[in-house]
Amino acid sequence: MQVIKEITHGTVPVHVARYSISKPRLASPNLPSPRSPPSSFPSSLLSHRTGLVFAGANAAFNEESLNLLLRIYMAMPSYCGIMCGLHESSLHLTVVGSVQIDEGTWDAAGLSHLLTRLGRVSSLAQVLGRARVGLSLMPYGTGISTKTITYLGHGLPVVANLFAVWGVQSPVSITSAMDSLAAWHASDNFEHVRSNCEALVPLGSSFSPERLEQARATGIFLVESAWQALEAIHLMNVDDELWRKMSSSAISTASRYTAEGLMDDVEQILNSVGNVDE
């Protein structure tokens, strides 16, 4: 595929190829085929969806993402199986894929009971079908997060930070990305979790109506801090209506990243710039 021109779409560079390329010649991306969830989830089915899932390959950014989550857990006091107002079952993490994880560190922190490592699995759909929330809290990155689209394609709502939705939601500026990077790695990001837990600050109180509506419309709960990640997890565990709406919207969001959806976007861009062969 010969690239002949580059245009700017929002703040993301888009490479434009020859318009004569037809859909059948496009290789299918390694993304799930979106499937339609039931129009309504029976309460018994939804009650069996518990815990968090993280899917990832053996890559440094995935290891760092799991370390971010470990730091959040370590900042949360535990009282009789309840952490910051969240039952431990809601926080149980299932890790899928070849990503490396230091289980000894989790054990030393007294958190091994909150971790299940499955490694490679024959059916990712079954694992995602049992989870309540897909986690995509990435320490850095650009472009489209495959794990984010994978969760969405299976109708699984996602808790994500800025780096996990770069390329999925509105264009992200470099300044916003660097501010987010500094904020996520700052020590007070985790100390804020501890202080809020000790002060019994209610979960879910910091989100604006606009942020909640964005989550309902996209299937993605965008969070800006460790505390907000816990708030989003809490809301998706106690608000079944929110979860159902996010699950339905997730399918629609993921459909934009199938081979057909991507080609439609390319065609719209090419039509907007006219004949680029000259």
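Colleague: What makes Cys197 buried or exposed here?

Modeller: This is a predicted model, and in it Cys197 has a relative accessible area of 9%. Buried means under 20%, so Cys197 counts as buried.

Colleague: And what about Cys84, buried or exposed?

Modeller: Cys84 comes out at 12%. That is under the 20% cut-off, so Cys84 is buried as well.

Colleague: How do you know that Cys84 and Cys197 form a disulfide?

Modeller: Their sulfur atoms are 1.4 Å apart. The cut-off is 2.5 Å, so the pair qualifies as a disulfide. Searching the whole structure gives 1 disulfide.

Colleague: Which hand does the disulfide of Cys84 and Cys197 have, and why?

Modeller: The torsion about the S-S bond is about 75 degrees, so the disulfide is right-handed.

Colleague: What does the pair tie together?

Modeller: Cys84 sits in the loop between β5 (82-83) and β6 (86-87), while Cys197 belongs to helix α8, so parts 113 residues apart in sequence are tied together.

Colleague: On to charges. How many salt bridges are there?

Modeller: The count is 5 salt bridges. One of them joins Asp240 and Arg132.

Colleague: Why is the pair Asp240 and Arg132 called a salt bridge?

Modeller: The N to O distance is 2.7 Å. That is within 4 Å, so the pair passes. The link is between distant parts of the chain, with Asp240 in helix α11 (residues 240-255) and Arg132 in the loop between α5 (124-130) and β9 (133-136), 108 residues apart.

Colleague: What makes Arg216 and Glu213 a salt bridge?

Modeller: The closest N and O atoms are 4.0 Å apart, and the rule asks for within 4 Å, so the pair is counted. Both residues lie in helix α9 (residues 209-218), 3 residues apart, about one turn of the helix. Arg216 at 23% and Glu213 at 45% both count as partly exposed.

Colleague: How do you know that Glu103 forms a salt bridge with Arg117?

Modeller: Their closest N and O atoms are 3.5 Å apart, within the 4 Å limit, so the label holds. Glu103 is in helix α4 (residues 103-108) and Arg117 in strand β8 (residues 115-119), 14 residues apart.

Colleague: Last one: why is His154 called buried?

Modeller: Its relative accessibility is 16%, under 20%, so His154 counts as buried. His154 lies in the loop between α6 (146-153) and β10 (158-160). From His154 to Ala125 it is 29 residues in sequence and 6.9 Å in space, C-alpha to C-alpha.

Definitions and conventions. Residues numbered from 1 in each chain as written. Predicted model: local features only at pLDDT ≥ 70, side-chain atom pairs only at ≥ 80, totals over all residues. Heavy atoms only, no water. Salt bridge = Lys/Arg side-chain N within 4 Å of Asp/Glu carboxyl O. Helix = DSSP H or I, 4+ residues; strand = E, 2+ residues; numbered from the N terminus. Buried < 20%, exposed > 50% of the residue type's maximum accessible area, 1.4 Å probe, protein only.
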